[in-house]
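Try each task before reading its solution.

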Amino acid sequence: IFSLLLCSALQAQEEGILHFLVGNVRVDGQKATLGMKIKQGATVETGPESIAEIRYGHETGLRIREKSRVKIDRPASAYRILLAHGTLLSLVRHKTDFEVLTPITTAGVRGTTFFVHVPDDTTAYVCTCNGKVELRDGDRSLKTVSAAHHEPYRVQGRPGHLRMEAQGMLDHTDVEIFEQRYRLEQEE
């Protein structure tokens, strides 16, 4: 019985719950519904003027904005989020192994709030809203950004030949972060 309960608890940790939904959202090609379980390996796509929020417990959550495509890979206790295009706001529990992979760079974090926007295959905008984000070009570290309040960078180029530059804050606010945090902490 103990083994069965432990396996059920571990499986529940690996699955996310779609706890906020606006507009046209699809999970693995199927129309998404509020409360839907998001399993390891799922692909989430949002249409115009659409938002999907997925929570893992009360401390880790993803806000996938309109016109985005995200694949959620959860090997063991880690998160590997593949953001093909679009926008993702992530609230990550302290000491959680979490990476967002874009077509050109990887943002690795532990206990951070951060925002990633991928408009095309050669550009990524990454804002460390609070915490620490390591930006990588393959296995090579580009920069580790620590911030108490919004430190944005634009990464451009092709893998192996990336350049970074400081950027002004783009298309996200503290209010959006606070709203997502509130829903994450409140819902069962």
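**Exercise 1.** Which residue lies over the face of Phe20?

Solution. The model is predicted. Look for a charged group above the ring. Arg183 lies over the face of Phe20. Its distance from the ring centre is 3.9 Å.

**Exercise 2.** Find how many aromatic pairs the whole structure holds, then classify the pair Phe98 and Phe114.

Solution. The search of the whole structure gives four aromatic pairs. Take Phe98 and Phe114. Their ring centres are 6.0 Å apart. Pairing requires centres within 6.5 Å. The planes stand at 90°, so this pair is edge-to-face. Phe98 is in strand E10 (residues 98–101) and Phe114 in strand E12 (residues 113–120). Now check burial, where the cut-off is under 20% relative accessible area. Phe98 has 1%, so Phe98 is buried. Phe114 has 0%, so Phe114 is buried too.

**Exercise 3.** Classify the pair Phe115 and Tyr125.

Solution. The ring centres of Phe115 and Tyr125 lie 5.9 Å apart. Their planes are at 80°, and planes over 60 degrees apart count as edge-to-face, so that is the class. Phe115 belongs to strand E12, Tyr125 to strand E13 (residues 123–137). The two are 10 residues apart. Phe115 is buried at 0% relative accessibility. Tyr125 is buried at 1%.

**Exercise 4.** Which residues do ring pairs link into a cluster?

Solution. Follow the ring pairs. They join Tyr56, Tyr79, Phe98 and Phe114 into a cluster.

Conventions: Residues numbered from 1 in each chain as written. Predicted model: local features only at pLDDT ≥ 70, side-chain atom pairs only at ≥ 80, totals over all residues. Heavy atoms only, no water. Phe/Tyr/Trp six-rings, centres within 6.5 Å; stacked < 30°, edge-to-face > 60°. Helix = DSSP H or I, 4+ residues; strand = E, 2+ residues; numbered from the N terminus. Buried < 20%, exposed > 50% of the residue type's maximum accessible area, 1.4 Å probe, protein only. Lys NZ or Arg CZ within 6 Å of the ring centre and 35° of its normal.
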